[in-house]
Amino acid sequence: MIAGVGGIIYLTIAYRRQRGVEASDFMNRLENAARQLGSSDPMVQYAGIYALEALADENATERKQLCVDVLCAYLRLPYQGNGRPTLLKEVVEKHAWTDGRRNVEEIRTHQLRPADKEVRLTIIRTISRHLQDDASKTWSGLDLDFTGAVIDGGDFSGAVFSGGKVSFSGAKFSGGKVSFSGAKFSGGQVNFDGAEFLGGKVTFFGAQFSDGEVTFFGVRFSGGEVSFSEVQFCGGEVSFGRAKFFGGKVSFGYAEFSGGKVTLNGAEFYGGKVSFGRARFSEEAEVSFGRAKFSGGEVPFSGAKFIGGEVSFFGAKFSDGDVDLSDAKFSGGHVDFRKPAAWDAPPRVPWDDGQPPVNVLPDQWPPTVSIPKE
């Protein structure tokens with residue numbers, strides 16, 4: 001018995017020692033790969049990306065997360081974007097100003113990495129490859145932090161966001177093409193809060209929102225094209241609360257709202273074109289434009305079908321712009337226009353006799369304006 005207990009103690013100590021050796025080896029390899037990624041030589045950087053990928057795939061979740069954190073951290077580094085030249089190794093900037101009675105001059109030195117855009121695109125491809133349904137080594141469920149990143153290209157097509165926390169908060173989509181086509185948002189939290197869509201083309205074509213929480217709170221659409229065409233909103237919660245549409249084109253054409261909750265509460269439409277053409281509102285969908293402000297631009301619902309669920313414009317402010325529902329079909333569900341905050345530029349609707357369909361509120365048209373209290 002004593003010999004047996006001694007053997008168990010020995011094996012336990014040996015196991016812990018081996019664990020310590022493995023942890024030390026992992027950290028050394030992680031440090032070396034990160035150092036490669038931080039090189040000024042793009043070929044060394046590529047080697048660092050693939051080293052981090054291999055290291056992640058060899059290890060369990062906690063260590064895998066550390067490798068992915070390093071890749072994401074690189075994307076958050078300062079970056080010019082928009083395809084601007086990044087071939088200079090060093091840039092020196094001089095800034096002068098007056099501080100009380102003194103003249104102050106500050107010299108700032110920036111290291112600009114050659115081929116930085118290609119390195120970033122390679123990182124995005126590497127991450128996206130591990131988020132596919134058929135990935136042999138999946139990274140779905142890990143946290144992905146792209147907070148504040150400048151993104152001027154990248155392909156997340158078919159990615160599965162099924163758990164963990166994914167943050168594009170404050171990210172700037174500044175040009176090129178970024179694709180989330182066919183992506184599946186089926187769990188966890190995905191956050192685009194405060195992101196800016198400034199140019200280029202960003203597409204969610206055919207994506208599916210079926211579970212979890214995806215937020216675009218306070219997003220600014222000011223240029224380029226953003227497509228949610230043929231997206232399926234069939235579960236979970238998607239929020240565009242207080243989003244601001246200043247310019248560019250945003251399309252929800254042929255989108256299917258059949259379940260879950262989609263909110264545009266407090267969204268502000270100032271310019272550009274936001275289209276819901278041929279969108280379909282059905283079944284158990286809850287879609288809210290509550291207290292949204294329509295102050296400019298075009299918001300057409302050409303050929304949209306309201307056949308089920310609940311769609312609310314309660315308390316919305318129609319003060320300018322063109323909200324066109326004249327070609328929409330209202331055959332089911334409930335559509336609520338009660339108590340608008342302004343009716344100076346009312347939405348165009350398909351009924352002219354002042355009597356809306358039975359599924360539209362209020363039953364007396366036009367609605368009575370209710371000025372909100374300050």
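My entries on the ring contacts follow.

**Entry 1, the model.** I am working from a predicted model, and I kept that in mind throughout.

I picked out Phe 168 and Phe 180, whose ring centres are 5.7 Å apart with 80 degrees between the planes. That makes the pair edge-to-face, because planes over 60 degrees apart count as such. I then looked up where the two residues lie. Phe 168 is in the loop between β7 (165–167) and β8 (172–173), and Phe 180 is in the loop between β9 (177–179) and β10 (184–191), so their pairing ties together parts twelve residues apart in sequence. Are these two buried or exposed? Phe 168 is buried at 1% relative accessibility, and Phe 180 is buried at 0%.

Next I turned to Phe 216 and Phe 240. Their planes are at 5 degrees and their ring centres 4.6 Å apart, so I noted the pair as stacked. Which loops hold them? Phe 216 lies in the one between β13 (208–215) and β14 (220–221), and Phe 240 in the one between β16 (232–239) and β17 (244–245), so this pair links parts that are 24 residues apart in sequence. I found Phe 216 buried, with a relative accessible area of 0%, and Phe 240 is buried with a value of 0%.

Last, I checked Arg 63. Its charged end sits over the ring of Phe 26, at 5.3 Å from the ring centre.

Terms used. Residues are numbered from 1 along each chain as its sequence is written. This is a predicted model: local features need pLDDT of at least 70, side-chain atom pairs count only at pLDDT 80 or more; totals for chains, interfaces and linings use all residues. Side-chain values use heavy atoms; hydrogens and water are left out. Rings of Phe, Tyr and Trp (its six-membered ring) pair if their centres lie within 6.5 Å; planes under 30 degrees apart count as stacked, over 60 as edge-to-face and the rest as tilted. Helices (H or I, at least four residues) and strands (E, at least two) are DSSP runs, numbered from the N terminus. Buried means under 20% relative accessible area, exposed over 50%, partly exposed in between (1.4 Å probe, protein chains only). A charge sits over a ring if NZ of Lys or CZ of Arg is within 6 Å of the ring centre and within 35 degrees of the ring normal.
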